[in-house]
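Here is a structure to read through by question and answer.

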Amino acid sequence: MKQINNLSKDLDKIYNKVISNLMAMQQNVARQGWELVVENAPTKSGEYISSIQVSDTKFKDDIISTKIFTDLKSEDGHLIGRMIENGTGIYALEPHIGKTKTFLQSGYNYWYVPAKSVKAPIGQKIMIKGEEFYIAKAQPSKPHFKPALDTIKPLYRDKIAKTIEEAFKWEKRYNKS
């Protein structure tokens, strides 16, 4: 009976050690992912690049989680990282003239954004009926989060396997007796 109690205590220690090691490993791999995101970002300076972060690694409800993210928003609340990663397309996110079905079917690849609705100049400015507008164009996607994730996935899988394998070396102690 004593051996079962000892085994139970050892299993608890191993479980806690595995979780702790997996959390540390995940934080380390997330840091490497963050470096790739920043390295491949379409801009290398300014507010956007400094907004890219790695969260602390958490263990809750049997899930280990870490996020690489940016919460930088445009003046009207749109997440800038999503716009850069996915592009804006013809629908764009800024309010503009040109959302009608006719406009969209016409194949135009530009629209007019009211100058008062943007924080910084975004292109050529024109006047329409006494109001200033910028001529805006759809922005292509510039992915840098997804490619970083794709790059670190194999590394992450390998490190998970090694971390768990290392933790279960305890079995050799019990097989000897």
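Q: Which helix supplies the largest share of the lining of the second largest pocket?
A: A pocket is an open set of points on a 1 Å grid over the protein atoms alone, where a 1.4 Å probe fits, with protein on both sides within 12 Å along at least five of seven lines; lining residues have an atom within 4 Å of a point. Helices (H or I, at least four residues) and strands (E, at least two) are DSSP runs, numbered from the N terminus. Two helices, α1 and α5, each give at least two residues to this lining. The largest share, seven residues, comes from α5.

Q: What kind of model is this?
A: Residues are numbered from 1 along each chain as its sequence is written, and side-chain values use heavy atoms, with hydrogens and water left out. Local features need pLDDT of at least 70, side-chain atom pairs count only at pLDDT 80 or more, totals for chains, interfaces and linings use all residues, and the model is predicted.

Q: What is the volume of the second largest pocket?
A: Grid points are joined across faces, edges and corners, and the volume is the space filled by probe spheres set on the points. For the second largest pocket this comes to about 300 Å³.

Q: Which of the 15 lining residues are closest to the centre of the second largest pocket?
A: By class, the lining has nine nonpolar residues (Ala, Val, Leu, Ile, Met, Phe, Trp, Tyr, Cys and Pro), four charged (Asp, Glu, Lys and Arg) and two polar (the others, Gly among them). Closest to the centre are Ala30, Thr66, Ile68, Leu149 and Ile152.

Q: With which side chain does the side chain of Gln26 make a polar contact?
A: Gln26 sits in helix α1 and has a relative accessible area of 9%, so it counts as buried (under 20%; exposed is over 50%, partly exposed in between, with a 1.4 Å probe and protein chains only). Not counting residues up to four places away in sequence, Gln26 touches (heavy atoms within 4.5 Å) Thr57, Ile64, Ser65, Thr66 and Tyr156. A polar contact is a pair of N or O atoms within 3.5 Å; within protein, one must be able to donate a hydrogen and the other to accept it, and residues adjacent in sequence count only if both atoms are side-chain atoms. At 2.9 Å, the partner of the Gln26 side chain is Thr66.

Q: Is His144 buried or exposed?
A: His144 lies in the loop between β7 (131–137) and α5. Its side chain makes a polar contact with the side chain of Tyr48 at 2.6 Å, and among the residues that His144 touches are Val37, Asn40, Pro42 and Glu85. With a relative accessibility of 0%, His144 is therefore buried.

Q: How far apart in space are Pro42 and His144, C-alpha to C-alpha?
A: Pro42 is in the loop between α1 and α2 and, at 42% relative accessible area, is partly exposed. Beyond its neighbours within four places in sequence, Pro42 is in contact with Ile84, Lys142 and His144. In sequence, Pro42 and His144 are 102 residues apart; in space the C-alpha to C-alpha distance is 7.9 Å.

Q: Which backbone oxygens does the side chain of Ser50 reach?
A: Ser50 is in helix α2 and is exposed, with a relative accessible area of 57%. At 3.2 Å in each case, its side chain reaches the backbone oxygens of Gly46 and Glu47.

Q: What is the phi of Asp61, about how many degrees?
A: Asp61 is in the loop between β2 (58–60) and β3 (63–65) and is exposed at 65% relative accessibility. Asp61 is not a glycine, yet its phi is positive, at about 55 degrees.
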